[in-house]
Every structure is written in C-alpha cells, then in structure tokens.
Amino acid sequence: MSSRTIQVSPFDLVVFGGTGDLAARKLLPALYQRDRAGQLPDEGRIIGVARKALGHDGYLKFVRKSLHDHVKSVEVDEEALTRFLARIDFCAVDVTGESGWPELAEILAAGVERVRAFYYAVSPDLFATISTHIQQFNLVTPKSRVVVEKPLGTDGESARAVNAAISCVFSEHQVFRIDHYLGKETVQNLMALRFANRMFEPLWNSMHIDHIQITVAEELGVGERGGYYDGSGAMRDMVQNHILQLLCLTAMEPPDAFQADSVRDEKLKVLKSLRRIDERNAEQCTIRGQYRNGSVGGQPTQSYLQDIGQDESDTETFVAIRAEIANWRWAGVPFFLRTGKRLGNRTSEIVVNFRPISHSIFDHTAGRISQNRLIIRLQPDEGMTLEVMIKDPGPGGMRLRRIPLDMSFVETFGVSNPDAYERLLMDVIRGNQTLFMRHDEVAAAWRWIDPIIAAWHNTSQRVHHYAGGSWGPSASVALIERDGRTWLEDSD
Ligand code: NAD
C-alpha cells in the first residue's frame, strides 16, 4: 500500500551544523529519502553551514559518506544520489564572527521568494549569535522559519533565555521546536486511534482506565555523550521533552481541530494540570537510578562511572515517576513514567491498563479474568496491541484467556515507517507546526520538572544502582507495587 506524495513548495534549507552528527545521521538521510520519494521540488536547495572550510566538493563527499553510512544500501541508488547532490551547497561560516555571512547571503539571494528554513543543528549556546547575525545580514524573509533541537534549556530560566534570543528575530509562528518523538508514526496514530474511532474515547477516562505506563528504555549507555550527559541526566534529557509529550498526547482533551494551536492548547492544559512534585513528596513519587556494570544481549557492559571516566557522579541515568493529572478526566489515575539507559532492551511504549470488569458471570473454572490492555509501541517495531479476553478454543468447558490483537504497521502496510525527521522536515517546509512544541509548552514542562530536580538536590535524594541489562533499580518496582500495580514486563 503506498500513499500519495505531494511535493512541497520551493525552499532553501540552511543547516547550521551541516557537518555535525545530527546532520549526518538524521537530517541528510531524511532529506535524501524525501527526494527519492519525489517530495522535493526542483527548486529545493540544502545549504550546509559549518565552521570548517570544507569547500563545495569536500561537503559533497561528506554528504555522500553520510548517506552511505546511514541509509540502507538498497535505498542508495546512483540516480537518486546524483539528483540529491545537485541540491547541496556549502558555506563556511564561523557563526560567532562576521566572516562567511556575506557569502551565505549571496547564496540565499538567488531564492528570495522561496520558503527559507534555518535549522540550528548546533549547540544551544550558539542560537543567540546565529539569530543576531541572521538579522544583521537581513536574511529573514516573510517565508522564513527556524528549527531548533532539544535541549531547550536546562531549566525554566535558561529555556526562557533561549527563547528570548530566538524571538528577537523570529515570531512564534516561525519557530519550530523539534521533539522527534512527535514525528513518529505511532504517536500520530495515537491521535487517529483516539479521535478517529468511536470506541476508545468514551472509555478514555478514570471511570474505565486504571492506570497508564509510559516507558522509554534504551539498551545503550551514554557512549560518547558522557560529558554532555553528566551535566544533564535522564530527567532533563528524556522526561522534560519526550516523555511529557507522550503523556500530553495520551491525556489531552479532544482538540477542536487537528491544527497546531488547537492541539498545543490541549497539551498545555495537561502540563498545567500535573500535580506538583517537590520536597514534600519527591521521595514517594520519584526514583533515581544509575547503571552499574552488567550485560546486555549476552555482552558485558561497563558502569556509568566507567563510561564517563569519573570516580563519582550522582547523575541519574534512570528515572521512574508516579505522576497525577489533577483534572476531571484523570482524577485518581496514576501515570507511571519511566526512562533509562542500559536497560533490558530498547522499548518505547504507552500501556493503557483498563479497570477490571465490574462483575463476572463465570465461575472459578473459567480462570482469572485479566484486565484489558492497549499497548501503543513506538520502538522497536511501531504498532499497537489490544489485549482482550476470549474463550480458549475447543470443546472443553468455558476457559478464558487474554490474547493480543496485534497490529504491526510494517506488516500491515508492507512498508517500513519513514524516520520521524522525514515527516517533521516536510512539515517545516509546509509551515505546519502541529507536531512542534510552542514556547509555553516548553515553559510549562520546566515548571513541573524544576521543583523535582530541586527537591532531589535539596534532600540529597538517593541514586539507586541497577545492573546494566536489567529494568532499573528494584526501588522502581517498589514504586509501582506500592500502588498495587506492576510494570508491563513483570505482569502475567
Ligand atoms: P556535533 O558536535 O556533531 O556538530 C556540531 C556542528 O556545529 C558541526 O557541524 C560544527 O561545524 C558546527 N559548529 C560548531 N561551532 C560552530 C561555529 N562557531 N560556527 C559554525 N558552526 C559551528 O553536534 P550534533 O550531535 O550534530 O548536535 C547538534 C545539536 O543538535 C546539539 O544542540 C545537540 O544537543 C542537538 N541534538 C543532537 C542529536 C544527535 O542525534 N546528534 C539529537 C538531538 C539533538
């Protein structure tokens, strides 16, 4: 089954950080795939900007290598590659200085009428200086937009500063704050499931839902990013953005339309309704963890301290939180949030656990009636599973069992899902902000996160250790079991 591909408008996409890891692994492969699918018009240019004076040919070599390294070899064909490389330009600019900008202005002068997107794939401390230079060299056109990556600050105050630097030059409708989780097919399907079907929305509340689990688990440790990660930790790196965005889409009220501000207004209300966690209750509601050595997939793995080359650190590589949304729909329904590095496997999922049936008509020989569960999987294989009770087939008596009704998107549609960046980059060019965060969402997320981090420090909340390849510290199991529930992998 294939979908229609509609070409986007003519554009110039300027990638600051055009030689970085993000450009090599995600942005260039995503743009190549969209070109291959016929979505990029002839008048579509990609202009890499970096500090190093690579020259045009040097940059083409870099792009070619990036595609060979990060696109499946069957998907790299010479014809598509030649077409894609013809779109590429390069400009060496040290964004902290004045040189290079006139050359960039000259390249862009050839496309004044086009959509002009500036992608800041650089460290956030360069956002302000890039924005100032863009203004100084008159590069902003009516059709300009800017794309920024996480981390959007390290707390509420620094996020405000990042935003202020950008908003001096761009207005809010031009700012695209990427959270690539929102570009995942399953996340968009969550909205289709809730709002394009009759059967789920009437059940989507505290009357029928017992609790919800959101897990984002990684097998990998911190790897090369140790230096950055140790100043950040799982709370800032994963919970503030990806996990809270998943929570918002799961818990929000139906927006009046699938349009940017309607959806973002509803997400914002969820963030504002999160019950505060601070020094009074952080110990009961949150667990911090850090991985020790262990083994993943039969291979021995190092501890976090070994990975970062330090003797001590109390940075958390794992967090579990019991969150509550204090509104009419969700009163009394706990949301268990969890993320960590070096866990049992790479899994991202939302698990909606329904309440038990109100009365059983079956006697004890039928067996236990398990609760219905809806599992929305983002990783590794995107899809959904609805677990329902059925009668065990056969002529025996009435015996009940829970079975999964499984839908894997790859199997159903016969194609693998596009990478989230493909969808999001096209949305930037189309000017559609529905899957991007508004500044007030980012601020509201930090308003909930900041007191938790402050409480950890002020009360010296313990960092529990866990073995690499496990599912986090046992305290995380205790957190959910205190409520009479179990994490999905521990349940029957
Ligand atoms: P990187 O270190 O691999 O690349 C940095 C890029 O910035 C290089 O192209 C370099 O030339 C350019 N640069 C640095 N200083 C410059 C200057 N003064 N003038 C001009 N160019 C300069 O970084 P990265 O991993 O690609 O990450 C870029 C940003 O994206 C960071 O903010 C990071 O947090 C964020 N991010 C990265 C990833 C990822 O997968 N790599 C994922 C999410 C967010």
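## The ligand shell

Helix α1 (residues 21-36) supplies the largest share of the shell around the ligand, 3 residues. Helices here are DSSP runs of H or I with at least four residues, strands are runs of E with at least two, and both are numbered from the N terminus. In total, 20 residues surround the ligand, where a residue is near a molecule if one of its heavy atoms lies within 4 Å of it. The closest are Thr 19, Asp 21, Leu 22, Arg 25 and Val 122.

By class, the shell holds 9 nonpolar, 5 polar and 6 charged residues. In this scheme Ala, Val, Leu, Ile, Met, Phe, Trp, Tyr, Cys and Pro are nonpolar, Asp, Glu, Lys and Arg are charged, and the others, Gly among them, are polar.

## About the model

This is a predicted model, in which local features need pLDDT of at least 70, side-chain atom pairs count only at pLDDT 80 or more, and totals for chains, interfaces and linings use all residues. Residues are numbered from 1 along each chain as its sequence is written, and side-chain values use heavy atoms, with hydrogens and water left out.

A polar side-chain atom of Asp 21 is 2.7 Å from a nitrogen atom of the ligand. For Leu 22, a backbone N or O atom lies 2.8 Å from an oxygen atom of the ligand. Val 95 also places a backbone N or O atom 2.9 Å from a nitrogen atom of the ligand. The ligand taken alone exposes 830 Å², and the protein buries 73% of that; these areas come from the Shrake-Rupley method with a 1.4 Å probe.

## Cysteines

A disulfide is a covalent bond between the sulfur atoms of two cysteines. Here it is counted as a pair of cysteine sulfur atoms within 2.5 Å, and the count comes to 0 disulfides. The sulfur of Cys 285 is 18 Å from the closest cysteine sulfur, in Cys 248, which is too far for a bond.

Cys 285 is buried, at 13% relative accessible area. Buried means under 20%, exposed over 50%, and partly exposed in between, with a 1.4 Å probe and protein chains only. Cys 91 is buried too, at 4%.

An automatic or database assignment gives the domain bounds: domain 1 (11-149) and domain 2 (182-417 + 439-490). Their centres, taken over C-alpha atoms, are separated by 35 Å.

Thr 141 sits in the loop between α5 (127-136) and β5 (144-148). Thr 141 is buried, with 8% relative accessibility. Its C-alpha atom is 8.9 Å from that of Arg 114, 27 residues away along the chain.

Definitions and conventions
A polar contact is a pair of N or O atoms within 3.5 Å; within protein, one must be able to donate a hydrogen and the other to accept it, and residues adjacent in sequence count only if both atoms are side-chain atoms.
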